[in-house]
Amino acid sequence: MNPKELREYFRKGAVMVVQVTPFDRNERIDLEALKTNTEFLVENRKYGPLILTPTGSTGEFYVLNDEEWRTIVKTVVDVANGKVPVIIGAGHAGTRGVIERAKYAEDIGADGVMVVLPYYHVPSEEGLYLHYKSIGDAINIGLVIYNNPDVSKIYIKPHLLKRIAEDVDNLAAVKENTPYVLTLYEHIKTIGDKVPILQGRGEWWFAATAFLGVNGYVSHYANFMPKFSLEMLKAGLTGDFKKLRDLLHKLDPFLRFISKMQDKYGPSTTILPYPYVDNYIEFSVTKASMDILGLRGGFMCLPLVNISEEDRKELEKVLLEDLGLQKIQ
């Protein structure tokens with residue numbers, strides 16, 4: 001897809017699946033597992049519009065060396081084979097590093113790149129504007145901004161996002177992670193007619209903000225239950241709020257399990273204020289869920305940790321009995 005086509009694909013509504021990276025016990029990438037997981041997602045496109053995003057936060061991109069990163073993204077693009085759009089996570093603390101990765105993504109046939117806010121040093125607004133303007137100018141594929149203060153210490157406010165949207169022609173969408181609904185609504189009012197806004201915080205937050213006009217959402221639960229995630233998308237986009245509520249109630253036991261794991265494996269070491277206080281044990285829960293259901297989630301890389309075998313047994317009950325999911329044959 002060219003950037004205009006990709007923007008329209010986002011505008012109609014989609015679930016952007018942030019794929020996990022399956023590692024073995026020795027923190028080596030399991031490529032066959034990655035292929036299997038990607039094939040599963042490609043097959044599930046029959047239930048609705050999916051977008052695949054490898055090497056994002058859920059994919060633990062920060063632990064990958066350049067060769068590993070290239071291998072992963074090339075594998076996903078090849079397996080998808082044009083059947084599902086692929087937006088590659090191209091995060092880097094510096095603009096030059098992002099551009100190098102974005103050009104590689106373009107060369108191998110990806111539809112676009114998702115670029116998280118630059119982390120470590122805090123840039124000025126002009127520096128942040130030039131960061132995304134330079135990336136957009138360097139490539140001919142779509143650019144998705146990942147506006148996440150949790151992982152970066154910075155944030156693109158509505159007035160700056162408007163400037164970027166006006167000047168970056170290949171901006172395809174914004175993955176918006178603010179927990180403040182008024183700010184989300186301000187973004188939608190400011191640039192929503194030009195650039196689609198995705199709810200970046202997953203199923204619960206999509207259900208809570210669908211009425212504001214978000215164009216779909218980003219999910220890591222969709223790694224193992226894409227049909228459920230796409231049901232929720234359809235309900236939100238069509239205004240079927242009773243269906244949304246029913247799906248949320250069905251999801252409640254799984255969310256309670258995640259909350260329990262956050263308490264057990266916490267507390268978080270962050271110095272950020274509420275609500276940026278949760279640890280990332282939910283990524284381990286997602287990988288364990290995949291393993292339980294017959295996919296191949298694998299292990300987390302340090303400094304993130306895996307849940308215990310005891311917790312996996314409890315999780316299996318939640319998945320099979322409460323959520324009613326079936327193991328993949």
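Is Tyr-280 buried, partly exposed or exposed, and at what relative accessibility? Tyr-280 counts as partly exposed, at 29% relative accessibility; buried means under 20% relative accessible area, exposed over 50% and partly exposed in between, with a 1.4 Å probe and protein chains only.

## Basis of the model

This is a predicted model, in which local features need pLDDT of at least 70, side-chain atom pairs count only at pLDDT 80 or more, and totals for chains, interfaces and linings use all residues. Residues are numbered from 1 along each chain as its sequence is written, and side-chain values use heavy atoms, with hydrogens and water left out.

## Aromatic pairs

Rings of Phe, Tyr and Trp (its six-membered ring) pair if their centres lie within 6.5 Å; planes under 30 degrees apart count as stacked, over 60 as edge-to-face and the rest as tilted. Tyr-280 forms a tilted pair with Phe-283, at 5.4 Å centre to centre and 45 degrees between the planes. Phe-283 is buried, with a relative accessible area of 7%.

By this rule the count comes to 8 aromatic pairs. Among them, Phe-61 and Tyr-119 have ring centres 6.4 Å apart and planes at 55 degrees, so this pair is tilted. Phe-61 counts as buried at 12% relative accessibility, whereas Tyr-119 is partly exposed at 25%. Ring pairs link Phe-61, Tyr-62 and Tyr-119 into a cluster.

## Charges over rings

A charge sits over a ring if NZ of Lys or CZ of Arg is within 6 Å of the ring centre and within 35 degrees of the ring normal. Lys-175 lies over the face of Tyr-146, 3.6 Å from the ring centre. The charged end of Arg-70 sits over the ring of Tyr-104, at 5.5 Å from its centre.
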